[in-house]
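Reader: Please take me through this model one point at a time. Start with the terms, then let me ask.

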Amino acid sequence: MIVMLMRRILLGFITVCLVSIIIFSGIEMLPGDACTQYLGEYQADKELLEQCRKDLDLNRPAHERFREWAGGAMTGDLGMAVDGKTKISTIVGDRVKNSLLLAFCAMLVGIPLALILGIITGLWRDRMPDLVISTLAIFAMTIPEFVSATLLILVFSIWLGWLPGIVLTSASAPISEFFPEILLPVIVLSLVMCAHIMRMVRSSVIDVMSSDYVQMATLKGVPYWQMVFRHALPNALLPAINVVALTIAWLLGGVVVIEVVFNYPGLGRLMIDAISDRDLPVVQSIALIVASIYVCVNLAADLLTMLANPKLRTVYTRK
Amino acid sequence: MAQAITHQFEKNRALTVLKDLVSRPSGAIGLSLVMFHLVLAIISPYIAPYDYKLQNSYLMLSAPDAVHWLGADHLGRDVFSRTLMGGREALLVTGIATPLAVIWGGFIGILFGLVGGRLDEVLMRVVDAFLSLPWILKMLVIIVTFGSGTAVLIPTLAFFYGVPVIRIARAATHDVIARDFVWSAKARGHSRISIIWRELLPNVLDALMVEGAMRWSWMLLAFSSLSFLGFGVSPPTPDWGLMISDARGFMSFAPWGVIGPVIALSSLIIGINLTADALAKALGIDRAQKAPV
Amino acid sequence: MSSSSFIDIQNLSVGYTSRSQKIIKVLRDVSLTINRGESVGLVGESGSGKSTLALAAMGYFKRGLRALNGSVHFNNINMLGLDHDELQKIRGGNLALIPQNSGQSLTPTMRIGRQIAEALRLHSDLSQTAFDDRIIEILSQVRLPNPAALINRYPHELSGGQQQRVAIAMALAGQPDALLLDEPTTGLDVTTQAHILELLRDLARDRNMAMLYVSHDLGAISRVCDNVVVMYAGEVVLTGSSRQTLLAPKHPYAHGLLTSIPRLKQKELPVALDGRPPMPGEAITGCAFADRCALADDQCRTTSPPLTRLESAESIRCFHHDKIDQLATSSQKVKQRKAARKDTGETTLGLEDLAITYAKSGFLTQFLSNSPPPPATVDNININIEKGETLGLVGESGSGKSTILKTIAGLISPKNGGIILNQDTKLTAKVEDRPSMNLRQIQMIFQNPDDSLNPRHTVAQILAQPLRLYFQLSGKDLHDRSVKLLEQVRLGEHYLSRLPSQLSGGEKQRVAIARAFAAEPEIVLCDEVTSALDVSVQAAVLDLLNVLKKERGTTYIFVSHDLAVVKAISDRVAVLYQGRLCEIGPSDAVYQAPFHPYTDVLLGAVLEPDPDTAPTLSADDVVELSPPAKGCPFQRRCPKKLGEICENQTPPAQTSIQASNQGHVIHCHIPLKELH
C-alpha cells in the first residue's frame, strides 16, 4: 500500500510539473510576449516596450526564466504582474480565499443533498420519487449556469426582493461580510454539482442493489434498512468519492461564469480580468494554482478511496 | 439459470437502437427538440418576421405585443426574430467541432490504448495535465490572442474537447482489448490497423457516440458561455448567450428580453442531453457513471 | 393448507412480462416436496429454471420475476403470503441459502467475522460473550484453518474454496433445518470441490438437515443427494431416487444427459445429445423435449405428457418411458471411438526448456518496492508433440496450462526456451514477428465463445477474417468456402448472417471451431473449449473435434481442468502443477498406476455420476499463489512427501519400463514401484 501511495503522489507531482511546462510553453508560443500583448497598440513605442521587458525580465532565454518561475512558484513567490509593480501573490491570495469560501458553502449544501437524493432515487428506481428527482436533475445539470443564475436573480432578487442579486463586497473584505450576498451564487453552484453527483450515486446504488452480495444479505435474513446501510451503501458510495473530487476541483478552479454574473471577487473573475487586460504573468499563475488544486483534490480522493476500500487497503490482493 | 431478459434478434442494429431510442419518452422528447432546433437553424432566415439587424429607437425595450411577439431589445431590434436565428452560429460551430473532437480524440485514445506500455503512461499524464486546466482559461487565452472567428473557434473547441475523449476511448479500448476475440485476431496475425478497424472500433463506437453527444452539449454550453462573457460571437450577429447578457442589464424593468433566448438555449441543451441519456440506455451504456470532466 | 412435507412447492409457475407485454414463463407448474432430513438434487442445464425454483423456495424472486400461480410452503408456512419482515425472520434462520458464487456473494467491505456475526445476531439470542467463541466454532466446523485470524479478513483475501466455506458457515450460523444450495461448487478446482462436498455431506448427516442441491453436475449430486429431480425447459420431467435416476434413468432426456458425461472408466467419447432446449417464451406444443428425442412420435409433438407416478416411486413426464431400453441399445452403436492416431513419429511441435514469467510488475512498482522477482510461472517444460496426436494438458487453476498455450500462439513471450515448429523452424516469441505461413499453421480456440467472437461481427465476417488473411479469398470463393466450413461444423448456410448474440453457446463454439479450421491449420490449440458449455453440448463439441481430426489429421493441444474430458479426447496427457510438469505419458498409462502423487490426488477427487463410487481425499485443498523456489512443485501439498529431498532437489524424470507405456515419465523422488 505504501508503494501505491508513493506511486500516486509521484504521479500527481509529475502531472503538476507537466502542467507548468504546458502553461509556460503555451504562453511562450503565443505570438508576441507579455509586454507586446499588454501594451497593445502602444508597443510601437520602443522605449515603453523595453522598459516593460526589463521590468518583467523577458530578455533572458525561456528555459532560464522557466526555471526561475517554477522555482519561485514552489516557494510561493509567483513573480510580478505585468505592470511590474504588484506582487501576484498578494492579488491572488484574497481571491483564493474567496473562491474557497464559495466552494466550501456550495459543498456544504450540495454534497449531502446529492448523496441523499442519489440514494433515494437509486433505491426507488423507476418509481415516482426517482422519476421526478431525476428529471429535475437533468434540468439542473444541463441548463447553462448563467441562465439559471439569471432566472434566480429575476425571481429572488428582482421580483421577490429576498436576496441581493449582486455581490458588492470588495475582494479583501472579511468572510462575514459576504453574507447574505453569497447565497444566490451558492444556490446555483450547489444545484449544478448536486445534480452531477446525484446521478452518479444513483447509478452506483442501482448497480450495488442488483449485486450478488445484496441478494445474499437479503436471503440471509438481514432486514431491509440494515442491508441498505451495512451492505449496499458502503460499496455504492466508494465510486462517488472520485466524482465528488472532480466537482470540488471544478468549484475551486474558479467558476468563472457564476462569479461574473454575481460580480463575486473570486479566482474566476480575476482570471477573466487578467485575460482581458492581457496580464499574462497573472494568467500563468492562476493556471498553475488551479491545476495544482485539481491534482491535489484528485490525489486526496484517490487516497480516500484507498483507505475506504479494503481491496485496495490490504496488501495481499488476489486477482 | 434463467434471466429475465428478452431474447432479441438484432438484424439491423442501427435501426433497433433508433427504435429503442424513440420508444423511450426521454429519447422521443430529446430527439424532437434537437431536430426542431436543427430545422429552425436552417430555415430561420426565411421565416424570421423582421431583419435581426434592424434597429428602431421607438421600440426600445418595448413589451411583447401582437406585432413583436417577444418585444424588442435595448436597440429596438425584434427579439423574436433574433431568438429564431440565435442558435445558428452556435450549431454551426459545435456541429463541426464535435465530430472533429470525437474523431481525433477517439483515434488517439484507441491507438494508445492498444499500444499500451510506457508511451501510453506518458500520454495519460499529458492528458491529465490538460484536463487540470479549466476549459475557459484555455479557450480565452486563444480567443484573446487570435480572435473569436469561426475559423478559430472550430479547431480550438475541437482540440480542447477532444482531449477528454482520449480518456474515454482509451478506457473503452482497455475493456475490449482484454477480450478473447482481440487475442484471437492477434494470434492470427492481423495487422494493428486491421485490429483497430475491425475488432476495436465497432465495439468502442457505442461509447464514442454517447461521448460525442455529451461533448456536443458541453461545447454548446461553452460556446454560449463565451458569448455571454463577451468573448464569443461579435454583434450584431444574434446569439442566445449574448442576448441574455445584453438583456440582463434591463431585467428589472424589461424581463421579457431574457425569456426567449433562455427557453431556446435551455431546450436545445436539454434536448441533446435527453437524447444522449436515451441513446446510452438504448446502447446499454450507463452514462451517469461517468464523471463530468 | 397444511401438508406433511417440510418444503412443499405445488404447481408453481414463475415468469416475467416482456417488453412486448407478453408473459414469459420460466417455471411451468412445478411441484417439489422435500421431507425433513431428506436431500434432493435438482438437475438441469442452463436455462432450465433450477436456480429460480430454489430461490422461490425462500419466497424470493429476482427483479422482474414473479409467481404467477401455485404455492410455496416451508414448515407449513405459506412463503408467498408473508410480508418482507416476516420472510426475513425465516430466511437465513430456519431456511438458509448457500449461494453459487460466494466470491461475489460476500459483501466486499465487511470483514468475515462481522458477516457471520450479523447472521448470528439475527437468528440466535446468544450473549455477547458467547459470540466470538461461537463464530470461531462455526468457522472450525466448516474446516477452515486458523479461524481466529480469519475473522479479521476481508472476502477478497480468501481463496475460492475458503470463500465457499465462509458462505457455508454463514448459513450454519442460523442453525437451519433446511439448506438450499445453488451450484455451490461450480467454478472451484477439482480437489476443492471434493472437499466442500464431503463437508456438506457430513454436515447434512450430523444435523439431519433437509437439502435442496441445485447443480448441473451429476457427479456432485450423486455424492450428496438421496433423491433427484430433473428439470427441462422450466418443467420437472423426472423425479426418483439417486440410484434409480443415475444408474437407470427412465426419461429420454435424463438418459441423454447421463450418456453425454465423459467418464474415467470409459474408453469412448461420450454420446452427444443433439439440438438445444427451447428458450423461455418459445412456443412449445407437446413435449418440450420432443425435438431432441429419438423416441418422439406424433403424440409427443402434439400432446404435453403429464407427470405420472410409477410403481417404482418415480415420477416421469414421458409417454414412452417403457421403451427407454431401445434408446440404450441404439445409442450404443453411435458411440464414437477416439480417432486412431497414425504413429508417424514425426514431431510437429517441440517445446524446449520453456519458461514463462507472467506477472511483470511496472517500472515504478519495481523501483519502489525493490522485491525480488517471483519464481517463473511456468518452468522447464520439455514436450515434443507428434504429428496427428492429441496432447492433453491437465491441472488445476494456476497450473500454467493456458499460459503455455498462449505462449505457443505467440501472445505471451517466454522468459527463455524455444518453440520449434516441424523440427526446423524456431518460432519467434512475438506473434508480430512470425511469418504468415507459421501463423496459419497454428490456430487457437478459446474457452468462452461469448468472448472470442466479436459481438459486432456476423458469422460470415468472422469466418471471412482468416480466409481473407491467409488465402486472399473474396466474393463467391469466400462465400462457398464459408458455407463449406459451416457444413463441417454442422451448421446451415443461413447462419452466415447471424450475430453471435443470436446463437446458443454450442453454436457459438462451433463457429469458433470453424474459424480455427478455416486456416487449414496443422496444430489447433484448444483452451478449455468445453468448460463454458452444458454437458450435452460439451459431448457434441468433443465429437466434432474428433471428427475433424479424423478427416484432417490435425494435431491438438487440449487444455482442460476436467480429467474425464481430457481422457476422452487425448492420446497423450501431461499433468501440470504450478507450471511444472509432474507426469506425462500415453493417456491410458497416466490414468493407471504408477501415479505421480499429484495425479493420484486429482483422480481421487473426481466425482462420477455413480452412487457407488466415492472420492478419496488425500491432500488438502490449499491454493498456492506461486510455485516454490526450488525442489518439487508439489512439495507443500504432497501426501507422500519424503522429506528435505523434495524441498531441495528437482525431482528426477523416471521413465516407465513397461513397453505398453512407452514415453510415460513421472517427475518424482519416490521410486516408480512405490507410486501406486
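Author: Two strands pair if DSSP finds at least two bridges between them. Helices (H or I, at least four residues) and strands (E, at least two) are DSSP runs, numbered from the N terminus. The model is predicted: local features need pLDDT of at least 70 and side-chain atom pairs pLDDT 80 or more, while totals for chains, interfaces and linings use all residues. Residues are numbered from 1 along each chain as its sequence is written, and chains are lettered from A and ligands numbered from 1 in the order written.

Reader: Which residue of β21(C) is the bridge partner of Val394(C)?

Author: Strands β15 (390–394) and β21 (572–577) of chain C run parallel and are joined by four bridges. Within β21(C), the residue bridged to Val394(C) is Val575(C).

Reader: Which strands stand at the edges of the open sheet of chain C?

Author: This sheet has eight strands with mixed pairing, in the order β18-β19-β20-β15-β21-β22-β24-β23. Neighbouring strands are turned by 20 degrees against each other on average, direction ignored. Two strands have a single partner each, so one side of each lacks a neighbour in the sheet: β18 (442–445) and β23 (653–655) of chain C.

Reader: At what angle does α15(C) run to β19(C)?

Author: Helix α15 (401–409) of chain C lies across β15, β18, β19 (523–527), β20 (555–560) and β21 of that chain. Angles run from 0 to 180 degrees between N-to-C directions, with axes fitted to C-alpha atoms, for helices over the stretch in contact. To β19(C), the helix runs at about 145 degrees.

Reader: How many residues of α11(C) are buried?

Author: A residue is buried if 20 or more other C-beta atoms lie within 10 Å of its own, exposed if 12 or fewer, and partly exposed in between, with C-beta atoms placed from the backbone. Helix α11 (252–259) of chain C is mostly covered; Tyr253(C), His255(C) and Thr259(C) are among its buried residues. The count is eight of eight.

Reader: Which element gives the largest share of the side of domain 1 of chain C that touches domain 2 of chain C?

Author: By an automatic or database assignment, chain C is divided into domain 1 (7–94 + 176–329) and domain 2 (583–676). Residues are in contact if their C-beta atoms, placed from the backbone, lie within 7 Å, and 18 residues of domain 1 contact 14 of domain 2. On the domain 1 side, α8 (190–207), α9 (218–224) and α10 (242–247) of chain C give two or more residues each. The largest share, six residues, comes from α8(C).

Reader: What is the handedness of the crossing of α4(B) and α7(B)?

Author: The axes of α4 (88–115) and α7 (150–177) of chain B come within 5 Å and cross at roughly 35 degrees. A crossing is left-handed if the near helix is turned anticlockwise from the far one by less than a right angle, and right-handed if clockwise. This crossing is right-handed.

Reader: What percentage of the residues in chain A is buried?

Author: Chain A has 15 helices and zero strands, and its C-alpha trace spans about 85 × 60 × 35 Å along its principal axes. Of its 319 residues, the buried ones make up 45%.

How values were computed
Two residues are in contact if their C-beta atoms, placed from the backbone, lie within 7 Å.
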